[in-house]
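Please look at the sequence and the fold shown below before reading on. The report then goes through selected parts, one topic at a time.

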Amino acid sequence: MTEDAMALHWKLVIDCADPIRLAGFWAEALGYRVEDHTALIDRLAEAGALPPQAYVEVDGRRAFRELAAVRHPDDPADPASDMGLGRRLLFQAVPEPKQVKNRLHIDLHVEPGAREAEVKRLEGLGATVLREVADRGSRHTTMADPEGNEFDVQ
């Protein structure tokens, strides 16, 4: 990296059919927090910049209909919007369904000996087991989230 270059902030954006449902799944799977965008939505709606059909009520808070995000509970967040400023996944609605294998996926690392219990917990949240893999001396379980996005549990 050159002297003038700065590290970039980033988030992982995941296209999906139901951002609210998928954010809920990944928040539970990772132990993350679903971002509360109520204050941001209220500001945008009051300014006339956001029509009522762009948001819904979820668990007593307002949420964007086509966007939802989860963030690590220990990372900072913007107090005015609750948008995470660290480890963050953003789910955005797209009209087309998932068609092929992911080119990018999440690996979940669990404590030694805890993989089977974690797989069962994730199945209880709506994930499905795709295959068990033994490769290069390690074992992992490839799973799919409720919309078919692959991830591994190691």
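The sections below describe a predicted model, beginning with a sheet and ending with single residues.

Strands of a sheet pair through backbone hydrogen bonds, and they may do so in a parallel or an antiparallel way.

Strand 9 and strand 10 run antiparallel and are joined by four bridges, and Met143 stands opposite Phe151 of strand 10.

## Strand 1 and its two faces

Strand 1 (residues 12–16) pairs with strand 6 in the parallel sense, and five bridges hold this pairing. Within it, Asp15 stands opposite Gln92 in strand 6.

In a regular strand the side chains alternate between the two faces of the sheet. In strand 1, Leu12, Ile14 and Cys16 make up the covered face, whereas Val13 and Asp15 make up the uncovered one.

## Helix 2

Which residues of helix 2 (residues 38–46) are buried? They are Thr38, Leu40 and Ile41, and because they cover an arc of only 160° around the axis, they are on the same side of helix 2. Strand 3 and strand 4 are among the elements that cover these buried residues. After helix 2 comes Gly48, which has a positive phi near 80°.

The structure holds 10 salt bridges, including one between Arg88 and Glu35, whose closest N and O atoms are 2.6 Å apart. This pair links distant parts of the chain, 53 residues apart, with Arg88 in strand 6 and Glu35 in the loop between strand 2 (33–34) and helix 2. Both Arg88 and Glu35 are buried.

Another salt bridge joins Arg62 to Asp42, with the closest N and O atoms 2.8 Å apart; here Arg62 belongs to strand 4 and Asp42 to helix 2, 20 residues apart. Arg62 is partly exposed at a relative accessible area of 25%, and Asp42 also counts as partly exposed, at 25%. Lys98 and Glu150 form a further salt bridge, in which the closest N and O atoms are 3.5 Å apart. Lys98 lies in the loop between strand 6 and strand 7, and Glu150 in strand 10, 52 residues apart. Lys98 is partly exposed, with a relative accessible area of 34%, while Glu150 counts as buried at 15%.

Is Asp145 buried or exposed? Asp145 is buried, yet it has no salt bridge, and the nearest side chain of opposite charge, Arg21, is 7.7 Å away. Asp145 lies in the loop between strand 9 (138–144) and strand 10 (150–153), and, leaving aside residues up to four places away in sequence, it touches Leu22, Phe25, Trp26, Gly126 and Phe151.

Asp59, in the loop between strand 3 (55–58) and strand 4 (61–64), has a positive phi of about 50° although it is not a glycine. Asp59 counts as exposed because its relative accessibility is 77%, and the cut-off for exposed is over 50%. Asp82, in the loop between strand 5 (67–71) and strand 6 (88–93), has a positive phi of about 65° and is not a glycine either.

Definitions and conventions:
Residues are numbered from 1 along each chain as its sequence is written. This is a predicted model: local features need pLDDT of at least 70, side-chain atom pairs count only at pLDDT 80 or more; totals for chains, interfaces and linings use all residues. Side-chain values use heavy atoms; hydrogens and water are left out. Buried means under 20% relative accessible area, exposed over 50%, partly exposed in between (1.4 Å probe, protein chains only). Lys and Arg count as positive and Asp and Glu as negative; His and the chain ends are not counted. A salt bridge is a side-chain nitrogen of Lys or Arg within 4 Å of a carboxyl oxygen of Asp or Glu. Contact means heavy atoms within 4.5 Å. Two strands pair if DSSP finds at least two bridges between them. The arc is that of the directions from the helix axis to the C-beta atoms.
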